[in-house]
Amino acid sequence: MPRIVLARTSKRNTKNNVEHVIKFCKEGGCGKEYLGHRISKYCEEHRNPKNRVKKKVKNKDITEDNRIFKHKFTRTVDVEFYCDICNEPFKLKIYSKIYIYPKYCPFHRIEHNRKKEDLS
Ligand SMILES: [Zn+2]
Ligand SMILES: [Zn+2]
């Protein structure tokens, strides 16, 4: 008669039995749904750091707070923009070969000030 070998479970089963919730993988472009611990961030595959794309500090999408302004200026010029939030005009210096500029007026460029606006 074969011996029934139970799958090895932790002796501290009760402790391991933490609540698992449906999570979405935080790895950019994955977003896979998985069942994981509350504080987990990645699906099974991406839990292994080797499978994650290494990012250097910058996690934020650059266009979130900035606009890409395509231009062909070969010298520095002042261009008037309008704030995405309050529509106030503000001037920016546009440099040759630089295409990323702030979306907001100087006031709203401060993240804290933008948050206030959201609440009202
Ligand atoms: Zn993933
Ligand atoms: Zn503004």
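User: In this predicted model, does Asn87 count as buried or exposed, given its C-beta neighbours inside 10 Å?
Analyst: The model is predicted, and its residues can be sorted by their C-beta neighbours. Asn87 has 8 such neighbours inside 10 Å. A residue with 12 or fewer falls in the open class, so Asn87 counts as exposed.

User: Where is Asn87 found?
Analyst: Strands β4 and β5 form a hairpin, with six residues between them. Asn87 belongs to the turn of that hairpin. Its place is therefore the loop between β4 and β5.

User: What is the phi of Asn87?
Analyst: Asn87 is not a glycine.

User: How many bridges join β4 to β5?
Analyst: Strand β4 covers residues 77-82, and strand β5 covers residues 89-94. The two strands run antiparallel. The number of bridges joining β4 to β5 is six.

User: Which residue in β5 is the bridge partner of Phe81?
Analyst: β4 and β5 are joined by bridges and run antiparallel. For Phe81, the partner in β5 is Phe90.

User: How many of the six residues of β4 are buried?
Analyst: A residue needs 20 or more other C-beta atoms within 10 Å to be buried. β4 lies largely in the open, because the number of its residues that count as buried is zero. For β5, also a strand of six residues, the number buried is likewise zero.

User: Where does Lys97 lie, and what is its phi?
Analyst: Lys97 lies in the loop between β5 and β6 (100-102). With 8 C-beta neighbours inside 10 Å, Lys97 counts as exposed. Lys97 is not a glycine, yet its phi is positive, at about 70°.

User: Which residue in β2 is the bridge partner of Lys23?
Analyst: Strand β1 (residues 20-24) and strand β2 (residues 33-37) run antiparallel. Five bridges join β1 to β2. In β2, the residue bridged to Lys23 is Tyr34.

User: What is the count of buried residues in β1?
Analyst: β1 has five residues and is hardly covered. Among those five residues, the count of buried ones is zero.

Terms used: Residues numbered from 1 in each chain as written. Chains lettered and ligands numbered in written order. Predicted model: local features only at pLDDT ≥ 70, side-chain atom pairs only at ≥ 80, totals over all residues. Helix = DSSP H or I, 4+ residues; strand = E, 2+ residues; numbered from the N terminus. Pairing = 2+ DSSP bridges.
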